[in-house]
Amino acid sequence: MTIRWKLNVAFIALVGLFLVSAAVTVRTIAVTANQTRSYVRTRELAQYTAAVRTLIYAWIAAGADPQRLPPESTEADWAMTTLDDIDINIRLAHGDRERQSWRGVRAALVELDDALGSDAAPARTASIVRRAEQHLLDLHNLYDLTQTDAIVSIARSSFYAQIATGVACLLTVLLFLAHMILIRRWLIRPVGVIKSSVETIGRGDLAHRVPLAGRDELGVLARGIDDMAAGLATRQAELVRAREFSAIGEMCANIAHGLRNPLAAIRTSAQLAARRANGSAVVRESFDAIAHQADLMDQRIRRLFQFSCAIDLRPRPTQVGRLLADAATRAGQTLTTDEVQIVIEDRTGGRSWPLDQERVAEALAELAVNAAHHSTPGSVVTLCGAIDDTPGSAGGPTLRIEVIDRGAGMPAATCAKAFDPFFTTRSGGTGMGLTLVRRLVEGHGGEISIASLPGQGTTVSLTFGERSAVAGRPPVDGCDARV
């Protein structure tokens with residue numbers, strides 16, 4: 001989960017807690033308001049029952065003494081007003097008990113009105129008044145109970161509201177503290193670690209790695225810094241090796257320049273002396289051997305020149321089959337034995353590839369000769385070319401050329417040093433062949449690799465991308481499988 005999502009989740013939790021607290025508070029306020037309205041209503045109705053009881057006695061007293069009625073009013077007016085109010089209470093009653101009690105009061109008032117109008121016996125009037133008082137007493141008791149319940153409910157709601165508010169405040173504080181701790185854990189501490197690691201790498205410790213393994217943005221940034229440090233270390237090593245090879249190349253050029261002229265004089269003198277040997281075969285063979293050794297030394301000097309100079313490539317569309325045939329011809333002219341056969345396997349279907357044909361053919365011939373020297377008599381060295389149309393790391397098809405032998409093979413230690421300059425296991429070898437081949441392949445933007453097993457043979461693979469380079473690059477150290 002990314003840091004953004006982590007912070008969003010924490011923020012949503014904080015907002016959710018506020019919303020829950022607000023909902024509880026609003027609910028508590030609504031309940032309290034309803035109970036308050038119920039309390040006010042029942043309180044007014046309780047007072048109204050007392051007023052009706054007082055009205056009944058005033059009504060009875062007014063029947064005996066009409067002067068006690070209010071001015072400009074009659075008993076009928078009083079009765080009508082009271083009955084209308086009672087009808088309203090009947091319609092607004094909240095339960096059967098309340099409704100039946102108000103109906104009983106209304107019926108008693110109607111009967112009392114008839115009794116007062118017909119001069120009924122006092123006993124009947126007293127009986128009606130007792131019935132009305134009983135109903136009013138029931139209503140008064142009901143309203144008292146309802147008021148008590150409302151007061152209890154209001155108190156309970158207020159208590160719960162206080163608890164909910166307190167808990168919400170406490171949880172808000174705790175969640176805020178947790179949010180700050182998480183921010184420190186997810187942001188502040190990793191940023192500090194990255195800052196310290198960058199300072200360490202900036203001081204030159206390219207082997208340092210950022211100790212963060214998360215999958216969030218800072219973890220990705222840490223791995224990017226690690227990759228950058230590893231890349232810088234590789235480039236630094238390549239730069240050091242390039243400087244070393246530059247110094248070696250300059251030294252080789254100076255040595256070669258100082259040796260070529262004396263070697264030419266030695267070879268010329270040996271050839272001239274061989275012609276003047278006066279028929280002495282032993283003397284002539286000795287001078288011929290001197291001239292041959294001078295030629296070998298000149299070949300080594302030429303390789304030193306090649307090693308010290310930059311590679312100048314001229315790639316153009318080259319038919320792979322013809323390239324392999326040219327390399328086989330060159331290798332056959334160089335080999336001093338016919339006991340090893342060079343075979344061509346062209347699997348490209350006549351397709352072309354942008355290569356410097358002259359230089360690549362020379363490199364393949366060098367590899368074929370080297371494979372032949374390490375092969376047993378009667379064996380075969382195969383030059384195989386194939387094009388893979390599956391997009392590779394460069395995004396396009398690749399050309400793969402392999403030089404395969406079934407010779408003695410190489411152990412892992414020897415294979416790891418195969419591309420090192422001046423390293424050779426062949427008597428009379430210069431140790432420059434594979435180094436120059438690797439420079440040539442890398443100059444084309446390709447790769448060279450060696451797969452070898454002792455007693456089973458060796459396969460040298462050259463892989464070229466679809467785009468070829470136009471300038472060489474300094475060689476790098478070889479390794480077991482891929483360079």
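**View 1. Buried residues of helix α8.** The buried residues of α8 are V360, A361, A363, L364, A365, L367, A368, V369, A371 and A372. This is a predicted model. The helix itself has 17 residues. From first C-alpha to last, α8 reaches 24 Å, close to the 24 Å expected at 1.5 Å a residue.

**View 2. Helix α8 packed on helix α10.** Two packed helices are described by the angle between their axes and the distance between the axes. Here α8 spans residues 357–373, and α10 spans residues 433–443. They pack at an angle of about 145 degrees. Their axes lie 10 Å apart. The crossing of α8 past α10 is left-handed. On the α8 side, the contact is made by R359, V360, A363, E366 and L367. On the α10 side, G433, L434, V437 and L440 take part. By class, this contact holds six nonpolar, one polar and two charged residues. Among the α8 contact residues, V360, A363 and L367 are also on the buried list of that helix.

View 3. Of the 11 residues of α10, 11 are buried, so the helix is largely enclosed by the rest of the structure. The buried set runs G433, L434, T435, L436, V437, R438, R439, L440, V441, E442 and G443. Charged side chains are included: R438, R439 and E442. The α10 residues that meet α8, namely G433, L434, V437 and L440, are buried as well. G445 follows α10. Its phi is positive, near 75 degrees.

**View 4. T382 in strand β4.** Strand β4 covers residues 380–388 and includes T382. T382 counts as buried because its relative accessibility is 13%, under the 20% cut-off. Leaving aside residues up to four places away in sequence, T382 touches V343, E345, E402, V403 and I404.

**View 5. The whole protein chain, for context.** The chain contains 10 helices and seven strands. Helices α8 and α10 and strand β4 are among these elements. Of its 483 residues, 35% count as buried. The accessible surface of the chain comes to about 27800 Å². Carbon and sulfur atoms account for 58% of that surface. Consider contacts between residues at least 6 apart in sequence: 73% of them join residues at least 24 apart.

Definitions and conventions: Residues are numbered from 1 along each chain as its sequence is written. This is a predicted model: local features need pLDDT of at least 70, side-chain atom pairs count only at pLDDT 80 or more; totals for chains, interfaces and linings use all residues. Side-chain values use heavy atoms; hydrogens and water are left out. Axes are lines fitted to C-alpha atoms, for helices over the stretch in contact, and angles run from 0 to 180 degrees between N-to-C directions. Helices (H or I, at least four residues) and strands (E, at least two) are DSSP runs, numbered from the N terminus. A crossing is left-handed if the near helix is turned anticlockwise from the far one by less than a right angle, and right-handed if clockwise. Contact means heavy atoms within 4.5 Å. Buried means under 20% relative accessible area, exposed over 50%, partly exposed in between (1.4 Å probe, protein chains only). Accessible areas come from the Shrake-Rupley method with a 1.4 Å probe; for residues, only the protein chains shown count as cover. The expected span of a helix is 1.5 Å times one less than its number of residues.
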